[in-house]
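Subject: Structure handover

Hi,

My notes follow below it.

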Amino acid sequence: MGAPFLIGDAMTGGYGPVDILHDCTVAVDKGQIAVIVGPNGAGKSTAMKAVFGMLKLRGGAVRLDGEDISRLSPQDRVAKGMAFVPQTSNIFTSMTVEENLEMGAFLRRDDISHTMEQVFELFPILKEKRRQPAGELSGGQRQQVAVGRALMTQPKVLMLDEPTAGVSPIVMDELFDRIIEVARTGISILMVEQNARQALNIADKGYVLVQGANRYTDTGEALLADPEVRKTFLGG
Amino acid sequence: MTPSIRALVVFIGVGLVYLIVGFTQSWALAVTILNDGLIVAIMALGVNMQWGYAGLFNVGVAGFFGLGGLALVLITNPPAPGAWAAGTPRILGSLLFGAVVIWGALRLYRAMEPGRKRALSMGALLLVGLILFRMGYDPAVNSVEAVTPASTGNIGGLGLPIPVSWLLGGVLAAGAAWAIAKTALGLRSDYLAIATLGIGQIVIAVLMNEDWLDRGVKNIINIGRWPVPHEVNLQKQQWFIHLAQSWGIDVRTASTVFVGICFAVVFTCILLVLLTLAELSLKSPWGRMMRAIRDNEIAAEAMGKDVKRRHLQVFVLGSAVIGIAGALYVMLHGLMAPQSYNDPLRYTFLIWAMVILGGSGNNWGSVAGALIVMLLWDEAESVGPAILGFLTSPLPAGLIKQHLIDNAVQMRLPVVGAVLLLVLRFSPKGLIPEK
Amino acid sequence: MDFLNALTALFNYVIIPATSYGSQLALGALGVTLIYGILRFSNFAHGDTMAFGTALTILVTWLFQSWGITFGPLPTALLALPFGIIGTAALLLGTDRVVYRFYRKQKAAPVILVIVSMGVMFIMNGLTRFIIGVSDQNFADGKRFIINALQYRKMTGLQEGLAIRTTSVITVVTAIIVVTLLFWFLNRTRTGKSMRAFSDNEDLALLSGINPERVVTVTWLIVAALATIAGVLYGLDKSFSPFTYFQLLLPIFASAVVGGLGNPLGAIAGGFVIAFSEVIFTYAWKKVLGYLLPASLMPDGLVQLLGTDYKYAVSFTILVIVLLFRPTGLFKGKSV
């Protein structure tokens, strides 16, 4: 196995003087899905933000396709082909669905209509509602807009922070299906999930974090099968 | 440098500058500026209580200041029996009626279900109330204003001793502040600022236009003073003439300076009393709670503190202090000139600059800031043209040069602005930081 | 006939003045609301920005007049306007660079920025007074009326006259053009949309690669244009003095807040709500009613609800009512 496409390697750091992450590693291979799970306050979202450059690392590095990007700002990482969907406030509520997608492609100077068609193919409901303000959509549809906006940059890696927070189980299944579809187009996906069991089901790789450090790392399947993991983190 | 030594250094420095003004320019000027400075220091104390203690954004300072002046007029001026006969009771009755209508509208608001019906009935009540009010009020105002319009034409005062009016100046301002606080204190900080700006302008519009109250733009002159003597009386006193001769200055100048010093002593005493009370309150459990609320409103609320009530208290108290300053200001000049208050830059925002410069939250800082900024402001009138005259000396005499020198005094505005911005940027805690 | 006379008086004294005043307020409020949406603070220096832009325009107007350049029947000030806008834009960009940017980088609380804008207000106010003095300036030239009262009476045979002043028409036409351009810019162009996105959700805008400094620069440029145009139109219509413009802050804020801070459409609606209320409450209705009511029912007084000196009380009352009952404004604004 070669070096993973994106890796946050042995990351240590936090928002203030206190470190939240301790020697924490998360990685994802090309076209695969990696999922970070763990109890509340385990530093899952922090690990995600560290990979995206939203907090300062005291130790470790982030590498994209072999290149060290630890020093780049989040904006520069977007230009490098990373896209990030925050957990909350992840759409422009006062703008139409179409405008949300256009803003996603803000850095691109070429024709974006083809990418927009692809997003509409992936999320047909968005095409129907393209002229509606995104703030008027339902929770699941908003998440689709958020993912769609991130895809507009034609990223190589898509990072999702709890994409299914606050949506119904049916919508959650549908969202996971779409995420698998996205991965099939060759985009690597790194996501944090609260719904550990369902997420590990679709994951090629799973990371269980506890107190900012790696506790278990394996394929999604293996983690689901591990009695220890099941007992402690998946509720039996 | 500990904060108290720092404060001492600042105050000695300020004192020295005032002395320099006295020695190099004139003592009359130094004392005039000092008295202006002491009055704005009291205002700054009030603003600091609201902003520094509680983070309340009041930019209606000029309004409360004007109300304090109004109180002095209404309390100490001689009664006007002619006006009373002409319709003072009817004016007061109409105002009472107006208050009842507003109260009734508020009751209606609470009693009825939300909806169009409530809006319509409240609107109807207010409109009918306004018409009835005007029917009672307008004729009475006209007849009161018709009584010896050249000299009075207003409802006169109560003829009470002047110190009473200092207190009641505070009370009047506090009353207005209470009414405002009841409606606007729940608002976000910059909304509160806009609301108080509006209130300030309305109060000043009332003072300028309601001639029955304070003769409006016609001004009230010869307002009494206490316990300071009048210059004319002093000039006749034998002991004073001797005193002036022993100083080696003429009697008129001596009387001006002497009266100014008397005022300064009175104002300093009042300032010190208020300052002591303010410091004591800040150190009391009440003051600690105030600051806790300012620093973290949500946490304080979660701990069961009644934030709104505390804010109301400090807003009313701060406004009362500004009102007291307003009464003193009118006493100093013996003149109620409502039009002069119509300058929020001078009477509101300048005070803010003083509080920020001195150090928000620190009462001593506000006083120091007031004395410094007032000096800067007043000196611009004499020094500004001189500096510009010097700077433009290479220019040929002409319209442009004359224009620059004529408008030189306006440069004090940018100077105050620049001082404010520099302090905010490089020393946001001010000259004497909060402990 | 009496009805037409009443209608004429209504147009002459209420509808036309309120429409042009409303247009001026709307342009002013648009500036306030854009700054609030993008830079997230209430700019107390906005009245003085308008004053500064207008003062510059007046100076250039005088220069043109001294060269003998005029604009035919239209005011020369319209020719000078672009120069006023450029000067104001330079001042605002300079202020942003020297003053505001520091606090933006620090992510300072909005209330700190409001106090900072008070300092800027002092500087701009003093600068304007220093440049042009404190006295009133009338700088409208060209043709005064499109239709004057006499012509109107001759034309219609009515007793009541209607005067349409050139400046009223210029105000309304300019306002329509400016607002159309602004909305086209905000809704149709890439930069305009990025401004809306930034105003809507700053963090997400950054994640999308929108450059905040560019958005802020464009905002100040637009604000400079809006403020100068609003100020020049107001000055043409009435007159210019630094203090009057400073006082405009209250009705302008009221318009922006009533419409919903941060919402451009709301700022326009708010401007007209405030302008019409002010005029309706302070107009003496005796004349209009005189045509409509029989003599026996005619009230004695002027039928004026409030003296014109209390016009600020009207904007203020509407402001407070809206804040208390609908804090985000008539149109949905944002709260920072």
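**The open sheet of chain A**

An open sheet of six strands in chain A runs in the order β6-β7-β8-β3-β9-β10, with mixed pairing. Its edge strands are β6 (82-85) and β10 (213-218) of chain A, and each of them pairs on one side only. On average, neighbouring strands are turned by 15° against each other, direction ignored. Please keep in mind that this is a predicted model.

Inside the sheet, β3 (residues 33-37) and β9 (residues 205-210) of chain A pair in the parallel sense. Four bridges join them.

Helix α1 (residues 44-52) of chain A lies across β3, β6, β7 (157-161), β8 (188-192) and β9 of chain A. It runs at about 150° to β7(A). Helix α6 (residues 139-151) of chain A lies across β6 and β7 of chain A, and runs at about 165° to β6(A).

**Other strand pairs in chain A**

Strand β1 (residues 6-13) of chain A pairs with β4 (residues 57-64) of chain A in the antiparallel sense, over six bridges. Here Gly8(A) is bridged to Val62(A) in β4(A). β4(A) also pairs with β5 (residues 67-68) of chain A, again antiparallel, over two bridges. In that pair, the bridge partner of Leu64(A) is Glu67(A). The hairpin of β4(A) and β5(A) has two residues between the strands.

**Helix α3 of chain A and the contact with chain C**

Seven of the eight residues of α3(A) are buried, so this helix is largely enclosed by the rest of the structure. The buried residues are Val97(A), Glu99(A), Asn100(A), Leu101(A), Glu102(A), Met103(A) and Gly104(A). What do they pack against? In chain A, the partners are α4 (113-122), α5 (124-128) and α6; in chain C, the partner is α7 (190-200).

The contact between these chains joins 17 residues of chain A to 13 residues of chain C. On the chain A side, α2 (74-79) and α3 (97-104) each supply at least two residues. That side has nine nonpolar, six polar and two charged residues.

**Where chain B meets chain C**

Helix α8 (residues 189-209) of chain B packs with helix α4 (residues 110-132) of chain C at an angle of about 40°. Their axes are 9 Å apart. Ser189(B), Asp190(B) and Ala193(B) in α8(B) meet Pro110(C), Val111(C) and Val114(C) in α4(C). By class, this contact has four nonpolar residues, one polar and one charged.

**A two-sided helix in chain B**

Helix α13 (residues 285-295) of chain B has Met290(B), Ile293(B) and Arg294(B) as its buried residues. Why do they sit on the same side of α13(B)? They cover an arc of only 100° around the axis, which puts them there. On the other side of α13(B), Pro285(B), Arg288(B) and Asp295(B) are exposed. The buried residues of α13(B) pack against α2 (27-54), α14 (297-302) and α15 (307-333) of chain B.

Best wishes

Key. Residues are numbered from 1 along each chain as its sequence is written. Chains are lettered from A and ligands numbered from 1 in the order in which they are written. This is a predicted model: local features need pLDDT of at least 70, side-chain atom pairs count only at pLDDT 80 or more; totals for chains, interfaces and linings use all residues. Two residues are in contact if their C-beta atoms, placed from the backbone, lie within 7 Å. Ala, Val, Leu, Ile, Met, Phe, Trp, Tyr, Cys and Pro count as nonpolar, Asp, Glu, Lys and Arg as charged, and the others, Gly among them, as polar. Two strands pair if DSSP finds at least two bridges between them. Axes are lines fitted to C-alpha atoms, for helices over the stretch in contact, and angles run from 0 to 180 degrees between N-to-C directions. A residue is buried if 20 or more other C-beta atoms lie within 10 Å of its own, exposed if 12 or fewer, and partly exposed in between; C-beta atoms are placed from the backbone. The arc is that of the directions from the helix axis to the C-beta atoms.
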